[in-house]
Amino acid sequence: MIENHHTSSENRKRLPGIAIAPAGEMRARPRIPRALVPWLLIGPSLVLAVVVIFYPFVEIVQLSLHDVSPFGIVRGFVGFANYARTLDDPVFQATVLRTLEWTVAVVGGTVIISMPVALVLAQDFHGRGLARTLILLPWSMSLAMAAIVWLWAFNGNYGMVNSILEGAGLIAKPLQWMARAETAFPVEIGVGILVSIPFTVTIFLGGLASIPGEIYEAAWIDGAGALAQFRWMTLPLMRPFVTIAVVLNMIYVFNSFPIIWVMTEGGPDNSTHILVTYLYELAFRIGRPGLAAAVSVAMLAIVLVFSFAYLRLAEREAT
Amino acid sequence: MKTGAPESASAGVRRRPLIAAAGSALALAPFAARAATSLHVTVAYYSAATGPYFQQMAKAFEAANPGITVKIDVVNWDTLLQTLQTDISGGVTPDLSIIGTRWLLTFVKDGVAEPLDHFMTPQFRDRFIGTFLEPAEIGGKVYGLPIAASARAMFYNKDMLTKAGFPDGPKTWDDVVAAARKIKAAGGYGFGLQGKAIETDVYWYYALWSYGGELIDKDGKAAFDSPAGIKALTLYQTMVKEGLTQPGVTDYTREDVQNLFKQGRVGMMITAPFLINQIAAEAPKLQYGICPVPRGTTSATYAVTDSIVMFSNSRAKDAAWKFLDFLFTKNPRVTFSKNEGFLPTTKAEAADPYFADNKQLQIFVSLLPEARFAPTIPGWEGMAQAVTDAVQSVYLGKADPAAALKLASTKADQALKGD
């Protein structure tokens, strides 16, 4: 990141811009000090970010330090009581672990599946356009809708999955998939992976397109097989794209609400909650916005820590 | 605005020639805009009929009260709390809203609900069946009017229960177990048990109360961790273990169990009178009967009311009251309760032949004297969640009833203490 800044500011010196155009042409115009230009340029988006991000953030922190009525009336300052209670809650502790499990499983699964899919779709073959469309099409479906469809498919009484398994003789009687976390949570992870694939494949396809074809030809002439090419050329060159896919997916998946809420509402007995469904339940089912705000600040902290840790790790590996 | 002003003006000057009416509408427009009162009413979605019903009521009311316009917002129950939370914390509440009566205490504590006593004449108060007005009385003041009421009873599949030897339905929990064993042997599901989503706790309260248990004691502490509670939960646990319920109960919401019942796959279930309407529409051939919630050591059922409340920062309280007054006259009430399959809450409504001569509904009405209402206590939702978690852990075979109830009782006390 830091290196990027250097190169871009060096580039800018050489580029003709608004303020740094050749002096002869724009003598009449008032000159804007060079140091101010970047600030003017990013100013509008900075203001927008402050309004859109910081206002809710401050509001959430405020709520988390107060006793808030179920209908959102702020009653009194309670300091860190909401945080203490949250950290003390065994459901919260179990939910934090499950959220990590969920994030790692979904993001890991997505990347592992998307890579070969992207490699295949990057090849030139008959019907590639159709195949690409089919892979990317699910992206246009809302998450809630996808979750509902899968919920039907896994229904214990008339679900498609049970009838296929029964038809194939794999199970003797219908399985109640959503009744227990042992089966429900893996199903939810599977759905999570499925809906994350289109986005990830798109990133990977972009990455693959940026690798010049000649180097493969050269490698082929040098006697490198397909596997060696993948291991020593594609993978290293794809690293920045994998990093982006992992970080973005991590943030999306960590905060992904609809799949779990639609399929199990975090139940039974809180056994499929992730933090975001747990906080929704706290705020809007049980009516404790103060506690929910504390959970949401904790979530933000976790996402930040993990994103930074991953970025640092990726940077160190790259150098 | 463009359509609103001429409409309200033309309602007032209906008899005039068209051109004159148009002229006066133009002339009156600025004046009308200032004088017009607009009411915002949030209603909960009960069924597909709810929205059209309230729109129709709004139109009829606007026609009779020129100068008042009524805007209806239909909100799903699932998101109603969230919607009101946003409205209240943002200070932009509707004038009237339907709420679960159990939320009322928090409303009153937060000072957002308007007491209705100063609007109510003795005659108005006398319109209601007393039992249903009580839950919305807090500190001697009435804060809400019962817009919807239901009690719970057992629905049973006549074919299945006749074959099992209980043609008139089970009387006791022992009967339920005996019948369920026979139904299971015949390949059906005996007792439909709800184990997911809202009211999972309530489904267990039926058994708790029928064994003489209590939810909360006089000091406002959780009291369900009792011999009666353990007995009730052990009953359900045994039925789950023996396979007398549908499999995978923790994946069944009340609606899912109702669907099994409509398909004729489950022998018995406990639910509200609105299932009658659903069966009539979706499974008219189903032969079923309705009987009281089975007895343990005593008989009991659960009754719920939803209230319509006025917000204290409403700027059109008189108009809002007028609308309430209108909603609680006979015909609007009969139509509403008939549409939704609820019990009548006013005396005039109950006297209507539709209710008075309806044998099925009369069973529900006859249960009311022994019905428990959800107590208006702070922390109800927290307690409900604690109990739901507990019964689910037992249905899943992860905990035994005594331990689960003990844990739930601790959590419920915490919820009841705060709010």
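**Figure 1. B:Met310, a buried residue of chain B.** With 26 C-beta neighbours inside 10 Å, B:Met310 counts as buried in this predicted model, because a residue is called buried once 20 or more other C-beta atoms lie within that distance of its own. B:Met310 belongs to strand β11 of chain B, which covers residues 301–310. Although B:Ala113 stands 197 residues away from B:Met310 along the chain, the C-alpha atoms of these two residues are separated by 5.9 Å. When neighbours within four places in sequence are left aside, the contacts of B:Met310 are with B:Asp95, B:Leu96, B:Glu114, B:Leu116, B:Lys317 and B:Ala320.

**Figure 2. Chain B as a whole.** The secondary structure of chain B comes to 20 helices and 12 strands, and its C-alpha trace spans about 80 × 50 × 35 Å along the principal axes. Chain B has a radius of gyration of 24 Å, which agrees with the value near 22 Å that a compact globule of 419 residues would have. Of those 419 residues, 47% count as buried. Among the contacts in chain B with a separation of 6 or more, 74% are accounted for by residues 24 or more positions apart.

**Figure 3. The two domains of chain B and the contact between them.** Chain B is divided into domain 1, made of 36–149 + 305–368, and domain 2, made of 151–303 + 373–417. The C-alpha centres of domain 1 of chain B and domain 2 of chain B lie 29 Å apart, and the contact takes 18 residues from domain 1 of chain B and 16 residues from domain 2 of chain B. On the side of domain 1 of chain B that touches domain 2 of chain B, α5 (104–109) and α18 (359–367) of chain B each supply at least two residues. Which of the elements gives the most to this side of domain 1 of chain B? The answer is α18(B), with 5 residues. By class, the residues of the side of domain 1 of chain B that touches domain 2 of chain B divide into 12 nonpolar, 4 polar and 2 charged.

**Figure 4. The packing of helix α3 against helix α15 in chain B.** Two packed helices are described by the angle between their axes and the distance between the axes. For helix α3 (residues 50–64) and helix α15 (residues 330–340) of chain B, the angle is about 170 degrees and the axes are 10 Å apart. This makes α3(B) roughly antiparallel to α15(B), because angles over 145 degrees count as roughly antiparallel. From α3(B) the contact is made by B:Thr50, B:Tyr53 and B:Met57, while α15(B) contributes B:Pro332, B:Thr335, B:Phe336, B:Asn339 and B:Glu340. Sorted by class, the contact of α3(B) with α15(B) has 4 nonpolar, 3 polar and 1 charged residues.

Figure 5. Most residues other than glycine have a negative phi, and most peptide bonds are trans. In chain A, however, a cis peptide bond joins A:Gly267 and A:Pro268, with omega at about -10 degrees. A:Pro268 is found in the loop between α11 (258–263) and α12 (275–285) of chain A, and A:Asn270 likewise has its place in the loop between α11 and α12 of chain A. A:Asn270 has a positive phi of about 60 degrees although it is not a glycine. Is A:Asn270 buried or exposed? A:Asn270 is buried, with 23 other C-beta atoms within 10 Å. In chain B, B:Glu199 has a positive phi of about 80 degrees although it is not a glycine, and B:Glu199 lies in the loop between β8 (189–191) and α10 (200–210). B:Glu199 is partly exposed, with 19 other C-beta atoms within 10 Å.

Figure 6. Along its principal axes the C-alpha trace of chain A spans about 80 × 65 × 35 Å, and buried residues make up 31% of the 319 residues in chain A. Where the two chains meet, 20 residues of chain A are in contact with 26 residues of chain B. The side of chain A that touches chain B has 9 nonpolar, 7 polar and 4 charged residues.

Technical notes: Residues numbered from 1 in each chain as written. Chains lettered and ligands numbered in written order. Predicted model: local features only at pLDDT ≥ 70, side-chain atom pairs only at ≥ 80, totals over all residues. Buried ≥ 20, exposed ≤ 12 C-beta atoms within 10 Å, placed from the backbone. Contact = placed C-beta atoms within 7 Å. Nonpolar A, V, L, I, M, F, W, Y, C, P; charged D, E, K, R; others polar. Domains from an automatic or database assignment. Helix = DSSP H or I, 4+ residues; strand = E, 2+ residues; numbered from the N terminus. Axes fitted to C-alpha atoms, helices over the stretch in contact; angles between N-to-C directions. Parallel < 35°, antiparallel > 145°, perpendicular 65-115°, else oblique. Rg over C-alpha atoms; globule rule 2.2 N^0.38 Å.
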